[in-house]
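Welcome! Please keep the viewer at hand as you read.

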Amino acid sequence: MTFEREPLVDVRHAAFLQGGVSICIGACDRDLVPTLVRATGCRVAPDRCKVTVFLSATQGALVLRAIRDNCMVTVVFSEPSTHKTVQLKGRDAEIGGLQAGDIHIVERYRGAFSRELEPLGFEEILVRTLLTCPPADLVSLSFTPCEAYSQTPGPKAGEPLQATA
């Protein structure tokens, strides 16, 4: 018997994850050695049950190797101007290619993240250079969030994310 459950990501969180936030993907290899790479955008499925992040296969080679080992991933989304932070964990991460429209998502993300960082003193050219990657080097990483936490500094940091319909 299977039970349907509500997605851990609600509409409000989905908008946040797909906005101009810093996105870091973390994984541990079979020896539990951690590794990290910056993502270049996010797509949340319409039913909000699946989250896909994009990354450079070259820059993220160690993360991708770890995910091939155990399919486990942690992704942290943080808004630099407010420090609002959400952490998602998955146990079914899959590496894939890009779908139609994903390059547009990546480009939109680069612009949104640049606009987020500009008031903090970071020029657009710097942010775009940080996030640059040839389209042929981009891969997707999709997973079903099985754990979700608020990691915003303060008294509720570390608490499970509270989804609202």
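Which residues are linked in a network of salt bridges?

## A network of charges

Glu 107, Arg 110, Glu 124 and Arg 128 are the residues joined in that network. Please bear in mind from the start that you are looking at a predicted model.

## Other salt bridges to visit

The count for the model comes to 8 salt bridges.

Now turn to Arg 91 and Glu 147, which form a salt bridge with their closest N and O atoms 3.2 Å apart. Arg 91 belongs to the loop between strand 6 (85-90) and strand 7 (94-96), while Glu 147 is in strand 9 (residues 145-150), and the two are 56 residues apart. Arg 91 is exposed, with a relative accessible area of 52%, whereas Glu 147 counts as partly exposed at 22%.

## Inside the nonpolar cores

In soluble globular proteins, nonpolar side chains tend to be buried together. In this model, the largest nonpolar core has 35 residues. Those with the most contacts inside this core are Leu 17, Ile 23, Ile 25, Val 53, Phe 77 and Leu 88. Helix 2 (residues 61-70) gives the most to the core, with 4 residues. There is also a second, separate core of 5 residues, which includes Phe 54, Ile 105, Val 106 and Cys 133.

Val 53 is a handy place to start exploring. Setting aside its neighbours within four places in sequence, Val 53 is in contact with residues including Ile 23, Ile 25 and Phe 77. Other contacts of Val 53 include Ala 39, Gly 41, Cys 42, Val 75 and Val 139, along with Ser 140 and Leu 141.

## A nonpolar patch on the surface

Where can nonpolar side chains be found on the surface? Leu 120, Phe 122, Ile 125 and Leu 126 form a nonpolar patch there, with about 390 Å² of accessible area together. Phe 122 lies in the loop between helix 3 (102-117) and helix 4 (124-131). Phe 122 is partly exposed, with a relative accessible area of 38%.

How many disulfides does a search of the whole structure find? The search finds 0. For Cys 28, the closest cysteine sulfur is in Cys 71, 14 Å away, so the two are too far apart for a bond. The sulfur of Cys 146 likewise has its closest cysteine sulfur in Cys 71, and at 12 Å this is too far for a bond. Cys 28 counts as partly exposed, at 31% relative accessibility, and Cys 146 is also partly exposed, at 24%.

Cys 71 is placed in the loop between helix 2 and strand 5 (73-78), and is partly exposed, with a relative accessible area of 30%.

Leu 32 has a positive phi too, near 65°, and is likewise a residue other than glycine. Look for Leu 32 in the loop between strand 1 (22-28) and strand 2 (34-38). Leu 32 is exposed, with a relative accessible area of 66%.

Terms used:
Residues numbered from 1 in each chain as written. Predicted model: local features only at pLDDT ≥ 70, side-chain atom pairs only at ≥ 80, totals over all residues. Heavy atoms only, no water. Patch = residues over 30% accessible without salt bridge, like charges linked within 9 Å, V, L, I, M, F, W, Y side chains within 5 Å. Areas by Shrake-Rupley, 256 points an atom, 1.4 Å probe, with all protein chains shown as cover. Salt bridge = Lys/Arg side-chain N within 4 Å of Asp/Glu carboxyl O. Buried < 20%, exposed > 50% of the residue type's maximum accessible area, 1.4 Å probe, protein only. Disulfide = S-S within 2.5 Å. Core = buried A, V, L, I, M, F, W, Y, C linked by side-chain atoms within 4.5 Å. Contact = heavy atoms within 4.5 Å.
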